[in-house]
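Thanks for coming, everyone. Let me put the structure up, and then we'll go through it piece by piece.

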Amino acid sequence: MADTIADTRRLFSKPQNLNDAYGPPSNFLEIDVSNPDTTGVGRTRYTTYEVRLKTNLPIFKLKESSVRRRYSDFEWLRAELERESKVVVPPLPGKALFRQLPFRGDDGIFDDSFIEDRRQALEQFLNKVAGHPLAQNERCLHMFLQDESVDKNYTPSKIRQA
């Protein structure tokens, strides 16, 4: 009977110093989607978003990067991850087809509140995807986050740790 009683002694942890408490975290991955910019006129009008990455994960070749991406680039990334990885990929915010109809009382998909809602949803999507260890091995994610332009004719492959 005495053998079945759980051990209730506390685990002793090493004392924390100021460097441990306030120094950089051991592993971090921060992705911000910001600074939406709408360009073009009429049917050639579109919005791009700045995607900024900061990390100390060794799998990423650049520790800081900033690129501009359109919604269609996010769609491409999602499709590539679904096709190439074993990761369950979260959904993107919708296409907002009704907002693209003519004769609306607002700017449709170029309305500031819509762009801000989409920006937040795209940031949430990217952080979920990039935070997954299996997705971090995918070449398409690295290209999306760190290359100036997305080569949609790339050869899918895995990234090896440095």
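Start with Asp-73, which lies in helix 2. Keep in mind throughout that this is a predicted model. Is Asp-73 buried or exposed? Asp-73 is buried, because its relative accessible area is 12%, and the cut-off for buried is under 20%. Which residues does Asp-73 touch, leaving aside neighbours within four places in sequence? Asp-73 is in contact with Phe-144 and Lys-152. Now look at Val-150. In sequence, Asp-73 and Val-150 are 77 residues apart. In space, their C-alpha atoms are 7.7 Å apart.

Next, helix 2 as a whole. Helix 2 has 14 residues, and at 1.5 Å a residue they should span 20 Å. The end C-alpha atoms are 20 Å apart, so the model agrees. The buried residues of helix 2 are Tyr-71, Asp-73, Phe-74, Trp-76, Leu-77, Arg-78, Glu-80 and Leu-81. What covers them? The cover includes strand 2, strand 3, helix 3 and helix 4.

Glu-82 is partly exposed, with a relative accessible area of 44%. Arg-78 is buried, at 19%.

On to helix 3. Its 19 residues should span 27 Å at 1.5 Å a residue. The end C-alpha atoms of helix 3 are 27 Å apart, so again the model agrees. The buried residues of helix 3 are Phe-114, Ile-115, Arg-118, Arg-119, Leu-122, Phe-125, Leu-126, Val-129 and Ala-130. Where do they sit around the helix? Looking down the axis of helix 3, they fall within an arc of 135 degrees, so they line one face. On the other side of helix 3, Asp-117 and Lys-128 are exposed. And the buried residues of helix 3 pack against strand 1, strand 2, helix 2 and helix 4.

Now back to salt bridges. How many salt bridges are there? The count comes to eleven. One of them joins the side chains of Asp-32 and Arg-52, at 3.7 Å from N to O. Asp-32 lies in strand 1, residues 29-39, and Arg-52 in strand 2, residues 46-55. So this pair ties together parts that are 20 residues apart in sequence. Asp-32 counts as partly exposed, at 33% relative accessibility. Arg-52 is also partly exposed, at 33%.

Another salt bridge links Lys-61 with Asp-147, and their closest N and O atoms are 3.4 Å apart. Lys-61 lies in the loop between strand 2 and strand 3, and Asp-147 in the segment after helix 4. So what does this pair tie together? Parts that are 86 residues apart in sequence. Lys-61 is exposed, with a relative accessible area of 59%. Asp-147 is buried, at 16%.

To close, a quick recap. Helix 3 has its buried residues along one face.

Note on methods. Residues are numbered from 1 along each chain as its sequence is written. This is a predicted model: local features need pLDDT of at least 70, side-chain atom pairs count only at pLDDT 80 or more; totals for chains, interfaces and linings use all residues. Side-chain values use heavy atoms; hydrogens and water are left out. A salt bridge is a side-chain nitrogen of Lys or Arg within 4 Å of a carboxyl oxygen of Asp or Glu. Helices (H or I, at least four residues) and strands (E, at least two) are DSSP runs, numbered from the N terminus. Buried means under 20% relative accessible area, exposed over 50%, partly exposed in between (1.4 Å probe, protein chains only). Contact means heavy atoms within 4.5 Å. The expected span of a helix is 1.5 Å times one less than its number of residues. The arc is that of the directions from the helix axis to the C-beta atoms.
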